[in-house]
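Biologist: I have not looked at this one before. Can you walk me through it?

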Amino acid sequence: MIALGSDTAGYELKELIKKHLEERGLEYKDYGCSNSTEPVDYPIYGKKVAHAIVDDECDRGILICGTGIGISIAANKVKGIRAAVCGDCFSAEATRLHNDANILALGARVIGAGLAEKIVDTFLDTEFSGVDRHVRRVGLIEED
């Protein structure tokens, strides 16, 4: 199950990604925001998605705000979350292979819908490499 969340700036792209996930036959849960007109605070939705992952309600997450930066910072405050802002497929693949990132953050004002779908596919289809040095580094990230 994939957790989705956005602020108002990311709402439209989130709705497009939901359709894309449905076309792929992938299940998701939308943690908000629920409309595109009321201004909202992105940390609320970043943390909702992050908690859904650490509480094992969902396996991975996708967060969207204007740049992807603010909402990823909020999500990364939750222990066990490794949220990465990606604006290209190489970064999406590398963050899964090397960092075992569990949340993809996208900037709706930075990338278009077609590229966003490709980045989402790359992120979801790439598994963690499990290479010793990457396992060690993820462990170091998780330390207090």
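Modeller: One term to begin with: a residue counts as buried when its relative accessible area is under 20%, and as exposed when it is over 50%. By that cut-off R96 is buried, because its relative accessible area is 3%. Keep in mind that this is a predicted model.

Biologist: Where does R96 lie, and what is it in contact with?

Modeller: R96 lies in helix α4, residues 89-99. Leaving aside neighbours within four places in sequence, R96 contacts R60, A101, F123, T126, E127, F128 and S129.

Biologist: Let me step back. How many helices and strands does the protein have?

Modeller: There are six helices and five strands. Along the sequence they follow the pattern β-α-β-α-β-α-β-α-β-α-α. The radius of gyration is 14 Å, close to the 15 Å that the globule rule gives for 144 residues, so the protein is as compact as a globular protein of that length.

Biologist: What does the C-alpha trace span along its principal axes?

Modeller: About 45 × 30 × 25 Å. Of the 144 residues, 45% count as buried. Among contacts with a separation of 6 or more, 69% are between residues 24 or more positions apart.

Biologist: On to the strands. Is β3 enclosed or exposed, and which residues cover its faces?

Modeller: Six of the six residues of β3 are buried, so the strand is largely enclosed by the rest of the structure. R60, I62 and I64 are buried on one side of β3, and G61, L63 and C65 are buried on the other.

Biologist: Which strands does β3 pair with?

Modeller: β1 is one partner: β1 and β3 pair in the parallel sense over five bridges. There, L4 stands opposite I62 in β3. β5 is another: five bridges join β3 to β5, and these two run parallel as well. L63 stands opposite A105 in β5.

Biologist: And the nonpolar core, which residues have the most contacts inside it?

Modeller: The largest nonpolar core has 19 residues, and those with the most contacts inside it are I17, L21, I62, L104, L106, I119 and V120. β1, α1 (11-23), β3, β5 and α5 (113-125) each supply at least two residues of this core. α5 gives the most, with five residues. As a general point, nonpolar side chains tend to be buried together in soluble globular proteins.

Biologist: Take I17 from that list. What does it touch?

Modeller: Not counting residues up to four places away in sequence, I17 touches L4, I62, I64, L106 and V120.

Biologist: I53 is in α2, I think. Which residues of α2 are buried?

Modeller: Y45, G46, V49, A50, A52 and I53 are buried in α2. Seen down the axis of α2, the buried residues fall within an arc of 160°, so they line one face of the helix. Residues three or four places apart in an α-helix point the same way, because there are 3.6 residues a turn.

Biologist: What covers that buried set in α2?

Modeller: The cover includes β1 (2-6), β3 (60-65), α3 (69-76) and β5 (103-107).

Biologist: How far does α2 reach, and what follows it?

Modeller: α2 has 13 residues, 42-54, and reaches 19 Å from its first C-alpha to its last, close to the 18 Å expected. D56 follows α2, and the phi of D56 is positive, near 60°.

Biologist: New topic: N102. Where is it found, and is it buried or exposed?

Modeller: N102 is found in the loop between α4 and β5. N102 counts as buried because its relative accessibility is 9%.

Biologist: What is N102 in contact with?

Modeller: Leaving aside neighbours within four places in sequence, N102 is in contact with I53, D59, R60, G61, G80, I81, R82, A83 and F123. R60 and F123 are among the contacts of R96 too.

Biologist: Last one, D121. Where is it found, and which residues does it contact?

Modeller: D121 is found in helix α5. Leaving aside neighbours within four places in sequence, D121 is in contact with H20 and R24. D121 and H20 are 101 residues apart in sequence, and their C-alpha atoms are 9.4 Å apart in space.

Conventions. Residues numbered from 1 in each chain as written. Predicted model: local features only at pLDDT ≥ 70, side-chain atom pairs only at ≥ 80, totals over all residues. Heavy atoms only, no water. Helix = DSSP H or I, 4+ residues; strand = E, 2+ residues; numbered from the N terminus. Expected span 1.5 Å × (residues − 1). Buried < 20%, exposed > 50% of the residue type's maximum accessible area, 1.4 Å probe, protein only. Arc of directions from axis to C-beta. Contact = heavy atoms within 4.5 Å. Core = buried A, V, L, I, M, F, W, Y, C linked by side-chain atoms within 4.5 Å. Pairing = 2+ DSSP bridges. Rg over C-alpha atoms; globule rule 2.2 N^0.38 Å.
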